[in-house]
Amino acid sequence: MKASATGCSVEEAMRLLGGRWRLLLVSYLLDGPKRFSDLRRDMPGISQRMLTLDLRALEEAGFVQRTVYPEVPVRVEYDLTADGDRLRPVVDVMREFGLWLKARDALVAHAESESA
């Protein structure tokens with residue numbers, strides 16, 4: 001992973017969590033362990049390669065734990081570590097902000113349709 005250019009704490013967090021999928025992955029894993037196929041189903045827009053890369057990056061950062069169960073067929077689950085669970089407030093704030101954005105956009109669209 002690239003080093004921080006400014007040393008800013010926000011940049012440091014965005015370096016790890018930036019992009020389209022990583023924080024969303026964390027939000028799904030807050031509900032508990034999931035298999036790869038469950039995450040693919042929850043996030044139909046992500047490619048298999050991107051999901052793999054993002055899970056590996058989160059695992060490398062210590063936020064996600066990958067557990068392989070010695071069964072036939074092999075079962076692999078992904079779960080948040082204690083450090084990963086520390087992202088819960090971040091996900092909560094992003095969820096609130098997303099709901100606010102949706103409501104604001106709906107109001108704007110409604111106002112525009114009434115004025116037309």
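**Pocket, fold and salt bridges of the predicted model**

The largest pocket has a volume of about 420 Å³. Sorted by class, the lining residues are nine nonpolar, three polar and three charged. Three helices, α1, α2 (22-29) and α6 (88-115), each contribute at least two residues to the lining.

Stepping back to the fold as a whole, the protein chain contains six helices and three strands. Read from the N terminus, these elements follow the order α-α-β-α-α-β-β-α-α. The radius of gyration of the protein chain is 18 Å, well over the 13 Å that the globule rule gives for 116 residues, so the chain is more spread out than a compact globule. Along the principal axes, the C-alpha atoms of the protein chain fill a box of roughly 65 × 40 × 25 Å. Of the 116 residues in the protein chain, 27% are buried. Among contacts in the protein chain with a separation of 6 or more, 45% are between residues 24 or more positions apart.

Between the C-alpha atoms of G98 and A109, which are eleven residues apart along the chain, the separation is 16 Å.

Charged side chains come next. Across the whole structure, nine salt bridges are found. One of these pairs R15 with E12, with an N to O distance of 2.3 Å between the side chains. Why are R15 and E12 separated by about one helical turn? Both belong to helix α1 (residues 9-17), and they are separated by about one turn because they are three residues apart in that helix. R15 is partly exposed at a relative accessible area of 28%, and E12 is likewise partly exposed, at 34% relative accessibility. Both values fall in the partly exposed range because buried means under 20% and exposed over 50%.

Another salt bridge joins the side chains of R104 and D105, here with an N to O distance of 3.4 Å. R104 has 39% relative accessibility and counts as partly exposed; D105, at 42%, is also partly exposed.

The closest N and O atoms of the R75 and E77 salt bridge are 2.9 Å apart.

Most peptide bonds are trans. The bond joining V72 and P73, however, is cis, with omega about -5°. Where does P73 lie? P73 sits in the loop between β2 (64-69) and β3 (75-80).

Methods: Residues are numbered from 1 along each chain as its sequence is written. This is a predicted model: local features need pLDDT of at least 70, side-chain atom pairs count only at pLDDT 80 or more; totals for chains, interfaces and linings use all residues. Side-chain values use heavy atoms; hydrogens and water are left out. A salt bridge is a side-chain nitrogen of Lys or Arg within 4 Å of a carboxyl oxygen of Asp or Glu. Helices (H or I, at least four residues) and strands (E, at least two) are DSSP runs, numbered from the N terminus. Buried means under 20% relative accessible area, exposed over 50%, partly exposed in between (1.4 Å probe, protein chains only). On a 1 Å grid over the protein atoms alone, a cavity is a set of points where a 1.4 Å probe fits but cannot get out, and a pocket is an open set with protein on both sides within 12 Å along at least five of seven lines; lining residues have an atom within 4 Å of a point. Grid points are joined across faces, edges and corners, and a volume is the space filled by probe spheres set on the points. Ala, Val, Leu, Ile, Met, Phe, Trp, Tyr, Cys and Pro count as nonpolar, Asp, Glu, Lys and Arg as charged, and the others, Gly among them, as polar. The radius of gyration is taken over C-alpha atoms; the globule rule is 2.2 Å times the number of residues to the power 0.38. Contact means heavy atoms within 4.5 Å.
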